[in-house]
Amino acid sequence: MATAVLTPEQLDGQAARLHDTQAWQQIVTGWEHTAAEPAPAPGPARPSDWRGMLSVPVDQLIDDTLRALPAPPPQERPLPGRLGAMLPDRVHLWRRVGQSDLRPSVHLGHARQILAEWGWQNTPYRLRNARGARCVCGAMISAHRLGYGSLDTVDRAGAWLITELRAQGWPGLIGPWNRYPGRTAADALALVDATIRRASLAGQ
């Protein structure tokens, strides 16, 4: 089964281009705010109808609540062991068979699992080091190749990462952030956690 070869550098560039589009800015602008309150319905509400006491429709309350819930944890599907971490990702392509697409926040949850179990590294634009540890972009690419999300989902997850980096004051791409002097594995996990929360709250 043929699949596109994506490098960390390519993912970084594609995510940045997506982040800079007007459509993406509309997605992320105001994600943390609720909709404006609707105008009250004409006429007094019946005392027995509790819905009349609400300032927003029940359906909207349900939708807002569901969007505020964190993304469900990744399905229990153990990662390949340490030897699997060091093998080329194409060896694992069979795991993509029959897998449905995911929300970006769920994809990032699997990338986080890879960083936590296989390790984090900051060699410039290398998918892995000799021990099989990944950079942040490398973890996202490996999650895709293991069957967790389409390439479009990977791009959108990367755009959410860049959105979170902008919110934290970082003006550049994910790769330079990953290899910045003094960066640690704990920093990488914290960034992914914050991005998962941001995307989840936006329903993504």
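The accessible surface of the chain comes to about 11,200 Å², and 58% of this surface belongs to carbon and sulfur atoms; accessible areas come from the Shrake-Rupley method with a 1.4 Å probe, and for residues only the protein chains shown count as cover. The model is predicted, and local features need pLDDT of at least 70, side-chain atom pairs count only at pLDDT 80 or more, while totals for chains, interfaces and linings use all residues. Residues are numbered from 1 along each chain as its sequence is written, and side-chain values use heavy atoms, with hydrogens and water left out.

The chain holds nine helices and zero strands, where helices (H or I, at least four residues) and strands (E, at least two) are DSSP runs numbered from the N terminus. Of the 204 residues in the chain, 43% are buried, a word that stands for under 20% relative accessible area, with exposed meaning over 50% and partly exposed the range in between (1.4 Å probe, protein chains only). Among the contacts with a separation of 6 or more, 75% are between residues 24 or more positions apart, a contact being heavy atoms within 4.5 Å.

A pair of aromatic rings is described by the distance of the centres and the angle of the planes. The structure holds two aromatic pairs, and the rule is that rings of Phe, Tyr and Trp (its six-membered ring) pair if their centres lie within 6.5 Å, with planes under 30 degrees apart counted as stacked, over 60 as edge-to-face and the rest as tilted.

| Pair | Type | Centre to centre | Angle between planes |
|---|---|---|---|
| W24 and W160 | edge-to-face | 5.0 Å | 70° |
| W170 and Y180 | edge-to-face | 5.6 Å | 80° |

W24 lies in helix α2 (residues 22-28) and W160 in helix α7 (residues 151-167), so their pair ties together parts that are 136 residues apart in sequence. W24 is buried at a relative accessible area of 3%, and W160 is buried at 0%. H19 itself lies in helix α1 (residues 8-19) and is buried, with 10% relative accessibility.

In the other pair, W170 lies in the loop between α7 and α8 (174-178) and Y180 in the loop between α8 and α9 (185-201), so the pair ties together parts that are ten residues apart in sequence. W170 counts as buried at 19% relative accessibility, whereas Y180 is partly exposed at 45%. R183 lies over the face of W170, at 5.8 Å from the ring centre; a charge sits over a ring if NZ of Lys or CZ of Arg is within 6 Å of the ring centre and within 35 degrees of the ring normal.
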